[in-house]
Amino acid sequence: MDVNSGSGLSSWERLPGYVFRPYRGHDDPDAMAAVRLGCAQRDRIDARSVVEGIPTAAEIAEASANLDAPSRNQVLVEHDGGVVGYSTIRWWQERDGTWLYLHRGYLLPEYRGQGIGSAMLNWAESRIRRLVQQHGTTRTAVLGANAMASEQDATALLLESGYRHVFSLVELELADLRRLPDEEPLPAGIRVGALDPSSYRAAWKTVVDSYADAAFTERWTFESFLATADPTCWRAGWDGEDMAGVALCSIRRQDPTVGEVEELSVRAESRRLGLGRALLLDGLRCLREHGAETARLYTGTANPHRSYDLYESVGFRRQNEYVRYRKPIAA
């Protein structure tokens with residue numbers, strides 16, 4: 001791959017001693033993991049985060065393998081023969097038809113402030129413009145980027161480059177699963193129990209419907225739901241014979257002492273009955289029974305259903321904020 005292809009005189013060509021090269025596999029995941037570890041202290045990265053922690057080389061290799069054309073959509077920055085940073089591009093269609101092209105860059109702190117981060121961002125934007133032309137998504141495509149609130153350098157670069165904050169996710173932690181509140185009685189006709197395969201489609205539909213009016217959310221197919229199914233600690237709630245809510249909880253593969261509440265959704269007509277709390281507590285107890293000591297989840301800061309209040313009432317406390325930025329493609 002020619003990283004300069006189609007971009008004219010590129011900013012990285014004016015950085016003596018630095019080389020921008022494509023991802024090659026082999027030993028690259030080890031070097032990329034070292035970059036992430038080297039950024040952790042400066043950027044105050046939470047190693048136990050379920051949103052974005054400190055990945056291992058194996059996890060980076062797996063994520064790279066799942067990229068579309070990783071050698072074209074992932075670039076590494078070398079200085080004196082060593083990898084000092086890298087950028088990755090991925091894309092998806094959101095529920096309103098928008099195509100989001102997301103780039104994420106990481107650069108060791110000692111190499112910041114020299115124009116390298118700007119060059120990485122320019123590479124990503126140039127590559128995305130080419131992808132948009134190839135995909136024919138010009139009318140509905142936007143540039144996207146993520147940064148934790150604690151990543152001051154990345155945040156400043158994005159804002160200076162014309163990106164705007166469109167939403168935030170807050171990550172919460174329940175530090176001790178041994179200390180859960182007592183159950184509260186549910187109204188007559190409401191029950192909570194395990195999910196079996198015959199109910200998977202209804203569970204998926206319950207989650208999808210809960211995001212019907214949510215902005216900036218990715219389309220989630222039933223096939224994707226099945227591909228990541230880990231039903232051991234999935235719980236569902238029924239109002240009579242109708243599925244009214246679900247709690248999709250799982251043990252973290254990377255750390256079996258950490259449980260995650262991946263989804264908690266209750267249909268509008270069944271809210272304010274205590275079902276969400278009952279589902280959440282039942283899922284958390286299951287995580288505890290399967291070896292988890294703590295639990296994590298994340299939710300939007302603008303969540304209209306006040307789920308934040310529910311999570312706090314059970315014992316979850318705020319840990320991190322993750323910000324999504326956007327910029328028009330033509331900007």
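Student: Which residues do ring pairs link into a cluster?

Tutor: The cluster joined by ring pairs is made of Tyr200, Trp204, Trp220, Phe222, Phe225 and Trp234. Keep in mind that this is a predicted model.

Student: How many aromatic pairs does a search of the whole structure find?

Tutor: The search finds ten aromatic pairs. One of them is formed by tyrosine 200 and phenylalanine 225, edge-to-face, with 6.2 Å centre to centre and 75° between the planes. An edge-to-face label applies because the planes are over 60 degrees apart.

Student: Where in the chain do the two partners of that pair lie?

Tutor: Tyrosine 200 is in helix α6 (residues 200-210) and phenylalanine 225 is in helix α7 (residues 222-227), 25 residues apart, and the pair links distant parts of the chain. Both residues are buried.

Student: What is the geometry of the pair between tyrosine 200 and tryptophan 234?

Tutor: That pair is also edge-to-face, at 5.5 Å centre to centre and 65° between the planes. Here tyrosine 200 of helix α6 is linked to tryptophan 234 of strand β8, 34 residues apart.

Student: Why does tyrosine 200 count as buried?

Tutor: Buried means under 20% relative accessible area. Tyrosine 200 has 12% relative accessibility, so it counts as buried. Tryptophan 234 is buried too, with a relative accessible area of 3%.

Student: Now for charges. How many salt bridges does the count come to?

Tutor: The count is 25 salt bridges. In one of them, the side chains of arginine 104 and glutamate 52 meet at 2.8 Å, N to O. Arginine 104 is in strand β4 (residues 99-107) and glutamate 52 is in the loop between α1 (28-43) and α2 (57-65), so the bridge ties together parts 52 residues apart in sequence. Both partners are buried. They also belong to a network of salt bridges that links Arg36, Glu52, Arg104 and Glu151.

Student: Which residues gather in a patch of negative charge on the surface?

Tutor: The patch consists of Asp239, Glu241, Asp242 and Glu269. Glutamate 241 sits in the loop between β8 (233-239) and β9 (242-251), and glutamate 241 is exposed, with a relative accessible area of 72%.

Conventions. Residues numbered from 1 in each chain as written. Predicted model: local features only at pLDDT ≥ 70, side-chain atom pairs only at ≥ 80, totals over all residues. Heavy atoms only, no water. Patch = residues over 30% accessible without salt bridge, like charges linked within 9 Å, V, L, I, M, F, W, Y side chains within 5 Å. Areas by Shrake-Rupley, 256 points an atom, 1.4 Å probe, with all protein chains shown as cover. Salt bridge = Lys/Arg side-chain N within 4 Å of Asp/Glu carboxyl O. Lys, Arg positive; Asp, Glu negative; His and termini not counted. Charge placed at Lys NZ, Arg CZ, Asp CG, Glu CD. Helix = DSSP H or I, 4+ residues; strand = E, 2+ residues; numbered from the N terminus. Buried < 20%, exposed > 50% of the residue type's maximum accessible area, 1.4 Å probe, protein only. Phe/Tyr/Trp six-rings, centres within 6.5 Å; stacked < 30°, edge-to-face > 60°.
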